[in-house]
Amino acid sequence: MNDMRKIILFLFVVTCVSLSHAQNEEEPVVADDLGWSQSFSDNWYIELGAGTHMLFSQDVENLDSKDRFTPSFTFAAGKWLTPVFGLELNLQGYSLNGFSTTEGTYTAVVDGGALEDPVRNEVVINPDGSYRHFIQYTNASINLLVSLVSIGGYKEDAKFDCIPFVGVGDMHVFEYKGIPKNDVFSLNYGVIGKFKATPRLDINLKVTKAVFDNEFEGRIAGDQSKDSYLAGNIGLVYYLKKRGFDKVTSEN
């Protein structure tokens with residue numbers, strides 16, 4: 001695990017522990033000021049999801065639409081810190097289809113120390129010199145979640161929720177068919193549509209946009225500084241113990 005991923009994991013654990021402890025230690029509120037409490041072991045969940053995604057980069061539009069869609073898998077672990085705010089550690093990845101032309105700047109150092117294209121010997125080259133390449137990766141991010149349904153007041157029995165999220169992460173590209181190993185910073189944001197199936201199980205529809213450096217796969221194409229992917233995943237969310245919050249009141 002690289003340093004960036006260690007930092008992400010550390011921040012996730014420390015934030016969950018600190019905020020949950022502070023919530024448990026807060027002073028009782030007055031009778032006309034309602035709050036919500038939980039123990040540290042409450043509202044933890046894990047999620048498994050699968051779906052599809054596509055890459056957005058300088059040359060990838062040259063691919064047929066059907067070739068741009070590839071499988072996407074997600075694993076997440078998170079905790080709702082309050083009825084409104086949650087924190088999630090999300091791991092997404094598998095493979096992206098890219099496209100290269102004869103133009104571009106290559107950042108991988110090959111034999112002799114030259115910056116050349118290390119992929120050409122691993123793929124099928126088209127007559128014009130272009131080719132499709134294959135990028136295997138994982139994107140680990142720490143995301144802040146906001147429950148829009150709970151902003152107006154906690155609704156314990158709500159079946160549906162809309163949850164926007166934003167976070168930062170590390171996108172790790174694996175060495176595969178000439179693509180060099182790399183790690184780049186990623187900005188992640190999107191929205192989750194949640195259906196509460198049982199007290200312990202949710203069904204999520206998650207749409208994610210991830211933005212990262214143009215050179216993430218060892219090639220700089222065009223003049224844009226960032227590439228991105230858009231993913232849609234359906235997931236099952238399981239709550240490990242108690243779910244929900246207890247209302248806190250105190251008498252004068």
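**Exercise 1. Find the salt-bridge partners of Asp67 and state how exposed they are.**

Step 1. Asp67 and Lys66 meet through their side chains in a salt bridge, 3.4 Å from N to O. A salt bridge here is a side-chain nitrogen of Lys or Arg within 4 Å of a carboxyl oxygen of Asp or Glu. The model is predicted: local features need pLDDT of at least 70, side-chain atom pairs count only at pLDDT 80 or more, and totals for chains, interfaces and linings use all residues. Residues are numbered from 1 along each chain as its sequence is written, and side-chain values use heavy atoms, with hydrogens and water left out.

Step 2. Lys66 has a relative accessible area of 62%, so it is exposed. The classes are buried (under 20% relative accessible area), exposed (over 50%) and partly exposed (in between), with a 1.4 Å probe and protein chains only.

Step 3. Arg132 also forms a salt bridge with Asp67, and the closest N and O atoms are 3.4 Å apart. This pair links distant parts of the chain, with Arg132 in strand 6 (residues 131-146) and Asp67 in helix 2 (residues 65-68), 65 residues apart. Helices (H or I, at least four residues) and strands (E, at least two) are DSSP runs, numbered from the N terminus. Arg132 is partly exposed because its relative accessibility is 30%.

**Exercise 2. Describe the salt bridge between Lys206 and Glu88 and the network around it.**

Step 1. The side chains of Lys206 and Glu88 come to 3.1 Å, N to O. Lys206 is in strand 9 and Glu88 in strand 4, 118 residues apart.

Step 2. Lys206 is buried, since its relative accessible area is 3%. Glu88 is buried as well, at 2% relative accessibility.

Step 3. Salt bridges with shared partners join Glu47, Glu88 and Lys206 into one network. The whole structure has seven salt bridges.

**Exercise 3. Describe the largest cavity and what lines it.**

Step 1. There are three cavities of 30 Å³ or more. On a 1 Å grid over the protein atoms alone, a cavity is a set of points where a 1.4 Å probe fits but cannot get out, and lining residues have an atom within 4 Å of a point. Grid points are joined across faces, edges and corners, and a volume is the space filled by probe spheres set on the points.

Step 2. The largest cavity holds about 70 Å³ of space. Its lining includes Tyr45, Trp80, Glu88 and Lys194. Strand 8, strand 9 (201-213) and strand 11 (226-239) each give two or more residues to this lining.

Step 3. By class, the lining of the largest cavity has seven nonpolar, one polar and three charged residues. Ala, Val, Leu, Ile, Met, Phe, Trp, Tyr, Cys and Pro count as nonpolar, Asp, Glu, Lys and Arg as charged, and the others, Gly among them, as polar.

Definitions and conventions: On a 1 Å grid over the protein atoms alone, a cavity is a set of points where a 1.4 Å probe fits but cannot get out, and a pocket is an open set with protein on both sides within 12 Å along at least five of seven lines; lining residues have an atom within 4 Å of a point.
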